[in-house]
Amino acid sequence: MKKSAYIILAVLLITVLTNAQPVKKYGHLKVDGTQLVSEKGEPVVLRGISYGWHNWWPRFYNKGTVKTLSNDWNCSVLRAAMGVGPDSGYTKEPEWSKSLVMNVVEAAIDEGIYVIIDWHSHHIFLDEAKEFFSEMAKTYGDHPNIIYEIFNEPVEDSWEDVKEYSVEVIKSIREHDPDNIILVGSPHWDQDVHIVADNPIVGYSNLMYTLHFYAATHKEYLFERGDYALEKGLPLFVSESAGMEATGNGPIDYENWTKWIDWMEKNQISWITWSIADKDETCSMLKKSADSNGNWKDEEIKTSGLRTRELIKKYNTCKDSK
Ligand code: MG
């Protein structure tokens, strides 16, 4: 083979590997205005899937599922949803909880995809959150893969309370990690982004705010709040969403789900669908027969999972070269 042919082959190989690994392609993420951008400043939209609460579906928190979701489902981001309060959540089983989250985080680093460390709570646990995120930032803060989500869905706390909590947790992350993206929760299940937009956190960079939707429940008013927040300059990240009702159950509203996907794509907002679990409900993507270690056959995946995989494959072109 001629020297030029070797060079062309090498360039092709590098291109394929780089495209297949979003972190190699985009590097350290930043926020520019309302937009998530790459290390070089190009707009980035991440699309992926959230694991279910680790305390109820620990069986899926392993390297095998990360590989399947990265390679077969084309996810560029995954979300490890570490339950905090209920049952064997972080407050009761901190070491076990951390070890499951770390399984997913380390497998995602190996796969070259982004991963969200999600404090999956509906209530404030300030001291526990500070200690946990301080340790995560110390351990993983140099990896471009890591995104911190410091409060999944506040329910009863006002924005003033969530803001005060968030600033404290942000400080404990920034002591060890000056730059990785931090996702801040919005009150009322991440729906009150309009209130946050009027009074965002100042003095810290690379913050984004979460908006969550369930398409059969959340209609016009939530689009309006999202549009208002963007107009006011609030960077949004949809770290949880799905096609059915907010309970996670009931029929899928395909029309409104498509409307949400179109809205996010138009505004270049990253999105994540809920969830990898096998509960008997619409939003849990897997059947009880699904292997704990991934490599799922279509007949082991429920409708919401098949549709989510189809949407991610359609839009996540950064993974196309695999
Ligand atoms: Mg960092």
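## Basis

Residues are numbered from 1 along each chain as its sequence is written, and side-chain values use heavy atoms, with hydrogens and water left out. In this predicted model, local features need pLDDT of at least 70 and side-chain atom pairs count only at pLDDT 80 or more, while totals for chains, interfaces and linings use all residues.

G141 sits in the loop between α5 (126-140) and β6 (146-149), and D177 in the loop between α6 (159-174) and β7 (182-184), so the pair ties together parts that are 36 residues apart in sequence. Helices (H or I, at least four residues) and strands (E, at least two) are DSSP runs, numbered from the N terminus. G141 is buried, at 5% relative accessible area. D177 is buried too, at 0%. Buried means under 20% relative accessible area, exposed over 50%, partly exposed in between (1.4 Å probe, protein chains only).

## Cavity

The structure holds one cavity of 30 Å³ or more. The largest cavity has a volume of about 40 Å³. On a 1 Å grid over the protein atoms alone, a cavity is a set of points where a 1.4 Å probe fits but cannot get out; a pocket is an open set with protein on both sides within 12 Å along at least five of seven lines; lining residues have an atom within 4 Å of a point.

H28, L29, Y114, P144, I146, I147, D179, N180 and I181 line the largest cavity.

## Largest pocket

The largest pocket has a volume of about 390 Å³. Of its 22 lining residues, Y214, E240, A246, T247 and W274 are the closest to its centre. Strands β8 and β10 each supply at least two residues of the lining.

## Helix α10

Helix α10 (residues 254-266) has 13 residues. Its buried residues are N256, W257, W260, I261, W263, M264 and E265. They pack against β3 (47-51), β8 (207-214), α9 (220-231), β9 (236-242), β10 (271-276) and α11 (303-315), where contact means heavy atoms within 4.5 Å.

Definitions and conventions:
Grid points are joined across faces, edges and corners, and a volume is the space filled by probe spheres set on the points. The expected span of a helix is 1.5 Å times one less than its number of residues.
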